[in-house]
Amino acid sequence: MITLKSPDEIEHMRRSGAIAANVLDAVRKRIGPGLTTQELDDFAASEMARVDAQSAFLGYRGYPGHICISINDEVVHGIPGPRRIALGDIVSVDVGVKYQGFIGDTADTVAVGVTDWNVRRLVQSTQDALAAGIAAIKVGGRISDISHAVQSLVEARGYSVVRDFVGHGVGRQMHEEPQIPNFGPPGEGCKIRVGMTLAIEPMVNLGGYEVSVMPDKWTVRTRDRKPSAHCEHTVAVLEDGPVILTLVDGVNK
Ligand code: MF3
Ligand code: CO
Ligand code: CO
């Protein structure tokens, strides 16, 4: 069942989205060589506490961190720990917050002194794929229009989209219906309707699309150990079309 949000619920989603975006932006600005991912998680936790928000991830199916930090060949769900960020890394940060009962979910990948042109282009392409997916949201269209737009852009650039994890509805729960794959033909799935709130999140691999989950039961890595990037926005479908709820001061940072 898809829960359509009322205007009042969308207002709540706006606030949660803005908080998630601000936390992600603050974390993004801190990222640099030498910092451990645990230090980043601690910082994110304090940023959430400062505005009376909670992590939507901590304790979710037993997840131990406040945010997810996935480096290089890690795709998503990297657990913060003693690993130090190094020059040449790409660092994917996923932030989910709960505020007054509603969730905002957003992610971005930061290149830390990356000189490899193809890796830089992978990150840029993932951001572009997210924008293309959002641009495909049309009231009366279908969910898989989003999927198709993401996949087309990614494959035209020579990269691949992860199959095993997908975008999703978001609201009072972090993962609501519908599922939003980043691949597939257009014109399928349920109709896009006013009041939907959706998390669009392409995961893009430089090599093959295959991934596997590590023995820590969370960290997802590419099978070929090539790099992967991840970007995500929470979007509300309004009468005039999609509105991104996880922008900082109304812009992509
Ligand atoms: N935020 C992730 C998503 O975009 C889910 C993270 S689940 C967690 O769907 F448990 F790892 F936090
Ligand atoms: Co997320
Ligand atoms: Co998500």
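User: What distance separates a polar side-chain atom of E232 from an oxygen atom of ligand 1?

Analyst: Welcome! This is a predicted model, where local features need pLDDT of at least 70, side-chain atom pairs count only at pLDDT 80 or more, and totals for chains, interfaces and linings use all residues. Residues are numbered from 1 along each chain as its sequence is written, chains are lettered from A and ligands numbered from 1 in the order written, and side-chain values use heavy atoms, without hydrogens or water. For E232 and the ligand 1 oxygen, the distance is 3.0 Å.

User: How much of the accessible area of ligand 1 does the protein cover?

Analyst: Accessible area comes from the Shrake-Rupley method with a 1.4 Å probe. On its own, ligand 1 has 340 Å² of it.

User: Which residue has a polar side-chain atom 2.7 Å from an oxygen atom of ligand 1?

Analyst: Let's look at two side chains here. D105 has a side-chain N or O atom 3.1 Å from a nitrogen atom of ligand 1. The 2.7 Å value, to an oxygen of ligand 1, belongs to H175.

User: How many residues surround ligand 1?

Analyst: A residue counts as near if one of its heavy atoms lies within 4 Å. The closest ones are F57, D105, H175, E201 and E232. The shell holds six nonpolar, three polar and four charged residues. Around ligand 1, the number of residues is 13.

User: Which residues donate to the cobalt ion (ligand 2)?

Analyst: Donors are N, O and S atoms within 2.8 Å of the metal (3.2 Å for Na, K and Ca), and water is not among the atoms, so sites may look incomplete. The protein donors of ligand 2 lie 2.0 to 2.3 Å from it, and D94 is listed with two OD entries. In sequence, the spacing of the donor residues is D-x10-D-x126-E. They are D94, D105 and E232.

User: At what distances do the protein donors of the cobalt ion (ligand 3) lie?

Analyst: This ion has D105 (OD), H168 (NE2), E201 (OE) and E232 (OE) as protein donors. Their spacing along the sequence reads D-x62-H-x32-E-x30-E. The distances to the ion are 2.0 to 2.2 Å.

User: Which residue bridges the cobalt ion (ligand 2) and the cobalt ion (ligand 3)?

Analyst: The two ions lie 3.2 Å apart. One residue coordinates both of them, and that is D105.

Note on methods. Polar contact = N/O pair within 3.5 Å; in protein donor to acceptor, adjacent residues only side chain to side chain. Nonpolar A, V, L, I, M, F, W, Y, C, P; charged D, E, K, R; others polar.
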